[in-house]
Amino acid sequence: MNDATPSASPTALDRLATVATALSAGGLAGMVLVQAWQVVARYLLNDSPSWTEPLTLVLLSTTLSFGAAAGVHARSHFAFPLLVRMMPIPVQRALARLSAALIVGIGGLLAVGGAQLLLDGLAVKMAGAPLPQGITFLPLCAGGALMAVFALPQLRRPTIEAN
C-alpha cells in the first residue's frame, strides 16, 4: 500500500529512511568491492585474505536490514494488494493496521533478538577478521528497530489505495 500523496517537505522519518537507503546502498557497494578484492587476491595474487568473508557477511546484513526498513517506510514491502482492494474500505483500513502491527512486532523482535546476539557475541572473536562476532548482528538490531519505528505511524493513519 503506497502513500496516496507525497509529503511536500520531508519529515524526520523521510530523512531517516533516506539514511537507511544510503546505508543499504553503501553495504551493497562495499560487498562488490570486497568480493572484487577477494577475486583479485585469490586468483591473481594467489594470496586469499581471510577477512573478506566475515566483512561481506556484515555488509550483507547491513544491506538487507536497512533496505527492508526503508521498504517499510515506503510501503513497498511484501503485501497482497489485490486481495485487500477487493474488501470494503473499513476492512482495508483494518488490514492495513494489522499489517503495520505485524511489522512493528517483527521489527521489535528483530531489534531485541539482534541486540541479545550482539551483546552475547562481543567477547567472541570473529574467525578471519579482527572484529567481535557480535558485530554481525548490529545491522539486524538497528534495521529491526527502524522497521518498527517506520511502521508505527502506519498504525495511526493506515493508507489505502484508491480502487
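At what angle do H2 and H5 pack, and how far apart are their axes? In this predicted model, H2 and H5 pack at an angle of about 0°, and their axes are 8 Å apart. That makes H2 roughly parallel to H5, since angles under 35 degrees count as roughly parallel.

**Packing around helix H5**

On the H2 side, the contact with H5 is made by Val58, Ser61, Thr62, Ser65, Phe66, Ala68, Ala69, Ala70, Val72 and His73. The H5 residues facing them are Pro139, Leu140, Ala142, Gly143, Leu146, Met147, Phe150, Ala151 and Gln154. Sorted by class, the contact of H2 with H5 has 13 nonpolar and six polar residues, with no charged residues.

Helix H4 (residues 89–120) also packs on helix H5 (residues 138–156), at an angle of about 160° and with the axes 7 Å apart. H4 is therefore roughly antiparallel to H5, given that angles over 145 degrees fall in that class. The crossing of H4 and H5 is left-handed. From H4, the contact takes in Arg97, Ala100, Ala101, Ile103, Val104, Gly107, Gly108, Leu110, Ala111, Gly114, Ala115 and Leu118. From H5, it takes in Leu138, Leu140, Cys141, Gly144, Ala145, Met147, Ala148, Ala151, Leu152, Gln154, Leu155 and Arg156. The residues of this contact of H4 with H5 divide into 17 nonpolar, five polar and two charged.

H1 is a further partner of H5: the axes of H1 and H5 come within 11 Å and cross at roughly 150°. H1 and H5 are therefore roughly antiparallel to each other. H1 passes H5 in a left-handed crossing. In this contact, Leu13, Leu16, Ala17 and Ala20 of H1 meet Leu146, Val149, Phe150 and Pro153 of H5. The contact of H1 with H5 has eight nonpolar residues, no polar and no charged ones.

The axis geometry of these pairs is set out below.

| Helix pair | Angle | Axis separation |
|---|---|---|
| H2 and H5 | about 0° | 8 Å apart |
| H4 and H5 | about 160° | 7 Å apart |
| H1 and H5 | roughly 150° | within 11 Å |

**Residues in H4 and H5**

Gly144 lies in helix H5 and belongs to the contact with H4. Gly144 has a relative accessible area of 1% and is therefore buried. Leaving aside neighbours within four places in sequence, Gly144 is in contact with Gly107, Gly108, Leu110 and Ala111.

Leu152 and Arg97 are 55 residues apart in sequence, and their C-alpha atoms are 9.5 Å apart in space.

Leu117 is found in helix H4 and is partly exposed, with a relative accessible area of 40%. Not counting residues up to four places away in sequence, Leu117 touches Gly134 and Phe137. From Leu117 to Cys141, 24 residues apart in sequence, the C-alpha to C-alpha distance is 9.0 Å.

**Thr52 in helix H2**

Thr52 is found in helix H2 (residues 52–73). With a relative accessible area of 3%, Thr52 is buried. The side chain of Thr52 reaches the backbone oxygen of Pro49 at 3.4 Å. Apart from neighbours within four places in sequence, Thr52 is in contact with Val34, Gln35, Trp37 and Gln38.

**Loop residues with positive phi**

Most residues other than glycine have a negative phi. Which residue in the loop between helix H1 (12–44) and H2 is considered here? That residue is Asn46, whose phi is positive at about 55° although it is not a glycine. Asn46 is exposed, with a relative accessible area of 69%.

Arg75 lies in the loop between H2 and helix H3 (81–85). Phi of Arg75 is near 55°, again a positive value in a residue other than glycine. Is Arg75 buried or exposed? At 9% relative accessibility, Arg75 counts as buried, because the cut-off for buried is under 20%.

Definitions and conventions. Residues numbered from 1 in each chain as written. Predicted model: local features only at pLDDT ≥ 70, side-chain atom pairs only at ≥ 80, totals over all residues. Heavy atoms only, no water. Axes fitted to C-alpha atoms, helices over the stretch in contact; angles between N-to-C directions. Helix = DSSP H or I, 4+ residues; strand = E, 2+ residues; numbered from the N terminus. Parallel < 35°, antiparallel > 145°, perpendicular 65-115°, else oblique. Left-handed = near helix turned anticlockwise from the far one by under 90°. Contact = heavy atoms within 4.5 Å. Nonpolar A, V, L, I, M, F, W, Y, C, P; charged D, E, K, R; others polar. Buried < 20%, exposed > 50% of the residue type's maximum accessible area, 1.4 Å probe, protein only. Polar contact = N/O pair within 3.5 Å; in protein donor to acceptor, adjacent residues only side chain to side chain.
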